[in-house]
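Subject: A structure to look at, with notes

Hello,

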Amino acid sequence: MFRRALKFAIGPSIGITLGGIIIPRIMFPNLYNETYPSIPVQAGLYFVAGYIVSFLVSLLIEWIRSK
């Protein structure tokens, strides 16, 4: 149950990182000024936060399925 949740959480966290940081910064660079953190720092934070949330949600789904 834990391993499936750990493996599943990688995909959504990569999608959150790409959709929330990488694509908008490439398409609209003039909207981001020097107050934003650098792309690697912000992408890392989004990836870690997205991974944790995705892991917990998938773990909850697996737990509900097992009941």
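Which helices are included in what covers the buried residues of H3? Please keep in mind that this is a predicted model, and that the values below were computed from it. The cover of the buried residues of H3 includes helix H1 (2–8) and helix H2 (10–27). The buried residues in H3 are Gln42, Ala43, Gly50, Ser54, Phe55, Ser58, Leu59 and Glu62. H3 itself has 28 residues and spans 40 Å from its first C-alpha to its last, which is close to the 40 Å expected at 1.5 Å a residue.

Turning to the aromatic rings, I found two aromatic pairs in the structure. Tyr32 and Tyr36 form an edge-to-face pair, with 4.9 Å from centre to centre and 75° between the planes. Tyr32 is partly exposed, at a relative accessible area of 26%, and Tyr36 also counts as partly exposed, at 38%. The other pair is Phe47 and Tyr51, whose ring centres are 6.2 Å apart with the planes at 25°, so this pair counts as stacked, given that planes under 30 degrees apart are classed that way. Phe47 and Tyr51 lie four residues apart in helix H3 (residues 39–66), and therefore about one helical turn separates them. Phe47 is partly exposed at 31% relative accessibility, and Tyr51 is partly exposed at 22%.

Best wishes

Note on methods:
Residues are numbered from 1 along each chain as its sequence is written. This is a predicted model: local features need pLDDT of at least 70, side-chain atom pairs count only at pLDDT 80 or more; totals for chains, interfaces and linings use all residues. Side-chain values use heavy atoms; hydrogens and water are left out. Rings of Phe, Tyr and Trp (its six-membered ring) pair if their centres lie within 6.5 Å; planes under 30 degrees apart count as stacked, over 60 as edge-to-face and the rest as tilted. Buried means under 20% relative accessible area, exposed over 50%, partly exposed in between (1.4 Å probe, protein chains only). Helices (H or I, at least four residues) and strands (E, at least two) are DSSP runs, numbered from the N terminus. The expected span of a helix is 1.5 Å times one less than its number of residues. Contact means heavy atoms within 4.5 Å.
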